[in-house]
Amino acid sequence: MTAVKAAAPARARTRDKAVRARGAGAVAAFATPLAVIAVLCLAAPLLPVPDPSVQVLSDALKPPAWLDGGDWSHPLGTDHLGRDVFARILYGGMLTFLIAIAGMLAGAIPGTLLGLISGFYRGRADTVISRFVEAQLALPFILLAIAIIAGSGRSLPGLVLVLALFGWAQYARVVRAETLSLRERPFVLGLRCAGVPTPRILLAHMLPNVAGTVLVLTTLQIGTVILAESALSFLGLGVVSPQISWGAMLADGRAHLTTAWWVAAFPGLAITVCVLLVNLLGDALRSWLDPKKRRY
Amino acid sequence: MTQEGRILDVDGLSVVHRARGTGEPFAAVDDVSLHIDAGEIVGVVGESGSGKTSLAMAVAGLGTITSGTITVAGVRVGRRLTKEERTRVQVVLQDPHGSLDPRQTVRRGLRELRRIHPARTAWITDEELLAKVGLAADLLDRLPHQISGGQAQRVAIARALLLRPSLLLADEPTSALDVSVQAQILRLLLDLRATENLSILFISHDLAVVRTICDRVHVMLRGRIVERGPTAEVFDHPTHDYTRRLLAAIPGRRAAATYEETYEDAYDGAAPGGAR
Amino acid sequence: MLRFFAGKLLQGVATLLIAVSAAFFLARLTGDPVREILGDVASEEQVAVLSARLGLDRPILVQYLSFLGDLVTGDLGTSLRYGVGNLDLILGWMPASVELAVAAMVIAVLVGVPLGVWAALREGRLADRIASVVALTGQSIPLFWLGLMLILLFAVTLGWLPAGQAGGFDSLILPAVTLSTLPMAQIARLTRSSMSEVLGEPFMSAIQARGVARWRAVGVHALRNAALPVITIIGLQTGTLLSGAITVEFVFAWPGLGTLATQAVQMRDFSLIQALVIFGAVVFVVVNLIVDLLYGILDPRIRDGAA
């Protein structure tokens with residue numbers, strides 16, 4: 001029998017490539033500024049900015065450089081203790097990003113695993129896990145965070161734990177839904193028929209196929225985690241002095257809102273811009289990985 | 001892969017499901033018995049809802065068995081089987097591309113099977129295996145979306161073959177393919193039966209296809225087998241009303257119905273697949 | 001129909017049970033609440049006395065059972081700071097929060113739905129993209145910061161609106177607008193996408209082919225079909241509203257449950273905090289139950305288990 005060679009339809013391939021290239025462009029357009037900001041913040045100690053913790057009370061509440069009374073040694077002004085706002089934004093960004101990534105991972109990993117298990121095995125495991133997912137989603141996040149932190153005190157690990165609790169249920173729910181439908185695909189039947197052990201099916205076949213969705217969710221979650229951490233820090237429950245995060249800076253800034261608006265304005269602007277970029281990136285990723293999915 | 005004797009023995013099989021909306025139990029498969037001996041290609045024909053898929057899943061060890069027994073090459077089939085036991089029945093399903101993990105190249109897929117069953121799969125190399133199903137070795141490094149439907153189905157058959165099953169369960173293997181490609185796949189199955197002494201349980205709604213390659217055929221209606229017998233006999237002298245209706249519904253029904261007769265017409269005497 | 005309702009009710013109760021139990025255990029097992037309340041300088045005696053008083057020295061299972069028992073009878077405990085029943089406290093501070101939440105939801109729907117419809121009608125064009133970025137921004141802004149900036153702009157700089165609780169309708173505007181941002185963005189996006197789906201359906205062309213004016217086709221038919229997802233989102237938004245309300249109330253000094261919660265935190269009123277969490281969970285579950293029931297009434301397919 002003459003052998004049959006592979007020849008995928010050429011036109012479909014080039015069209016596919018064009019769509020994917022456009023999608024990739026959007027992803028790059030949002031990922032780049034975000035990466036730049038993140039790198040700058042994470043490299044803060046290496047940058048030539050003043051020490052963010054040094055208090056120079058004589059310099060307190062100086063306005064940003066472009067207003068009267070400001071100068072370029074403190075481009076964004078100083079806070080009530082004379083600390084440079086710009087430097088604090090960079091250092092604050094470092095902690096904000098690190099906590100966001102840690103919190104997100106701490107939620108993503110158990111959430112994805114539980115989603116895979118409950119979607120694939122179904123039955124009792126699914127019922128139990130789903131109940132917990134719903135229960136988690138029923139608890140208003142900040143209240144739960146308050147309850148835990150009030151009970152256990154402030155600490156960075158505690159904060160990351162709280163943020164993990166905030167996120168895991170979303171992963172579990174989304175991954176479960178995808179796994180449920182993937183499970184019915186013929187190739188899974190084939191694998192089970194061939195005796196491939198279920199854990200291997202989950203990790204080597206289900207997981208890579210849900211990876212796209214998880215990636216999108218992960219990106220979007222970074223944004224929500226940043227917002228959550230800022231809210232907690234703003235309320236005094238998250239990051240507290242001497243550590244700096246954008247939320248904590250906002251707490252400081254509130255007291256001086258009328259006299260020194262810049263202390264509150266810039267950290268909040270930083271949060272908004274970063275979360276917006278993250279959301280745009282997440283949407284672009286979603287479109288890129290599956291152009292058939294709606295933008296919303 | 002020489003096999004002897006009774007390969008498949010289904011005895012009084014019933015599969016009871018619960019209906020979606022109401023939860024009422026209904027019998028997808030109702031007291032079905034059939035058997036396959038070594039080297040036979042046996043067909044099960046029915047419309048959707050006849051229970052043929054439930055039957056197939058049960059035989060493959062992937063679906064529920066409410067009562068009755070299924071024995072494949074001496075092994076009782078159920079939901080819980082060892083890896084080794086599972087190799088005795090392998091499946092080829094309707095959706096060729098859906099049967100392959102979209103993220104795995106053909107080679108990686110085969111390698112995975114080899115890792116799970118190292119001894120059992122040592123008998124042939126990847127290249128030789130692909131050659132057996134009429135594919136060139138350069139397909140090994142392709143992803144499913146880079147090969148055609150017919151090729152994907154051949155890969156599925158290759159994957160099944162690799163594990164040296166006693167029984168190949170083909171559930172609508174050609175329904176999603178073009179007529180010309182259908183012919184090739186059916187030819188392949190016939191050839192494999194000859195060279196590997198493979199026994200095949202062939203499930204389809206398409207009578208014309210069943211006629212071309214099955215030695216014996218069973219007609220299924222609402223979970224029961226209403227007619228059975230050698231293919232020619234059932235087609236030429238149907239006894240059950242339902243069978244007659246099915247036969248009457250075949251468009252452009254021909255008198256001739258062996259493989260060569262059916263597809264030779266479409267190909268002006270040259271059997272698809274080239275030399276043979 | 002009744003089976004559907006009963007099923008949902010049972011699910012809600014199960015969810016609630018797990019939620020409050022989780023809150024209970026998480027709060028106790030991750031640290032020592034008594035030390036948190038008293039601070040580092042507390043002596044062993046003080047810790048022991050307060051533990052006993054709060055019942056926190058009993059084995060955890062005993063605490064849990066007694067906790068559940070109290071819940072069933074509606075006893076949410078007594079506030080450490082105020083010395084009165086937590087439930088009474090909560091109910092007393094609730095009206096202001098309800099007022100704020102309702103106002104925020106109204107704004108969110110009144111602005112979000114038209115925005116979504118407008119974007120759907122201009123799908124793919126510049127207006128749609130702008131609307132989408134605006135909506136996305138709405139989901140990216142930290143609410144408390146937005147509140148601060150609005151105060152800065154409208155109260156301090158322009159002097160148009162009061163900055164905090166000064167009574168009257170005026171003072172409701174800024175906090176309600178702030179709180180409405182997130183639900184508004186969600187509602188706009190969802191309305192846009194479901195309207196967009198409906199607009200593309202064949203029956204819409206059929207209606208217009210029969211001569212129905214476009215605005216009427218859009219307004220009546222399209223909207224009605226798009227309403228369903230919007231209702232769901234109102235249910236989902238309850239959770240976000242509850243969380244957002246805390247920081248927003250804090251910023252605007254609005255005398256609702258949010259302020260009560262932040263004060264409880266500052267005063268380490270562990271008992272009140274726990275009561276608030278339970279209350280929040282109950283509210284969320286109840287609202288979602290109502291939304292589920294509404295859904296069941298409006299869409300018969302869901303009732304019959306097709307979902």
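## Aromatic pairs

Two rings of Phe, Tyr or Trp count as a pair when their centres lie within 6.5 Å, with the six-membered ring standing in for Trp. On that basis, A:Phe234, C:Phe144 and C:Phe250 make up one aromatic cluster in this predicted model. Over all chains, the structure has seven aromatic pairs.

One of them joins A:Phe97 to A:Trp246, an edge-to-face arrangement with 6.0 Å centre to centre and 75° between the planes. This pair ties together distant parts of the chain: A:Phe97 belongs to helix H2 (residues 85–121) of chain A and A:Trp246 to helix H8 (residues 246–255) of chain A, 149 residues apart. Are A:Phe97 and A:Trp246 buried or exposed? Both A:Phe97 and A:Trp246 are buried.

Then there's A:Trp261 with A:Phe266. Their ring centres are 6.0 Å apart and their planes sit at 45°, so this pair is tilted. A:Trp261 has 29% relative accessibility, so it counts as partly exposed. A:Phe266 comes in at 13% relative accessibility and therefore counts as buried.

## Charges over rings

Back to the cluster for a moment: C:Phe250, one of its members, has A:Arg254 lying over its face, at 4.6 Å from the ring centre.

Within chain A, the charged end of A:Arg183 sits over the ring of A:Phe120, 5.3 Å from the ring's centre.

## The largest cavity

How many cavities of 30 Å³ or more turn up? The count is four, and the largest cavity holds about 170 Å³ of space. Its lining takes in 17 residues, with A:Gly190, B:Val91, B:Ser99, B:Ala156 and B:Arg159 nearest the centre.

Which elements give two or more residues to this lining? They are helix H6 (186–193) of chain A, plus strand E6 (89–92) and helix H5 (149–162) of chain B. H6(A) provides the largest share, five residues. Sorted by class, the lining of the largest cavity has 13 nonpolar, three polar and one charged residues.

## The second largest cavity

Next up is the second largest cavity, with about 110 Å³ of space. It's lined by 13 residues, and the closest to its centre are B:Leu100, B:Asp101, B:Gln104, B:Gly109 and B:Arg159. B:Arg159 is also among the residues nearest the centre of the largest cavity.

H6 of chain A shows up again, supplying at least two residues of this lining, as do helix H3 (106–116) and H5 of chain B. The lining of the second largest cavity splits into six nonpolar, five polar and two charged residues.

Terms used
Residues numbered from 1 in each chain as written. Chains lettered and ligands numbered in written order. Predicted model: local features only at pLDDT ≥ 70, side-chain atom pairs only at ≥ 80, totals over all residues. Heavy atoms only, no water. Phe/Tyr/Trp six-rings, centres within 6.5 Å; stacked < 30°, edge-to-face > 60°. Helix = DSSP H or I, 4+ residues; strand = E, 2+ residues; numbered from the N terminus. Buried < 20%, exposed > 50% of the residue type's maximum accessible area, 1.4 Å probe, protein only. Lys NZ or Arg CZ within 6 Å of the ring centre and 35° of its normal. 1 Å grid on protein atoms, 1.4 Å probe; cavity = no way out; pocket = protein on both sides within 12 Å on 5 of 7 lines; lining within 4 Å. Points joined across faces, edges and corners; volume = space filled by probe spheres on them. Nonpolar A, V, L, I, M, F, W, Y, C, P; charged D, E, K, R; others polar.
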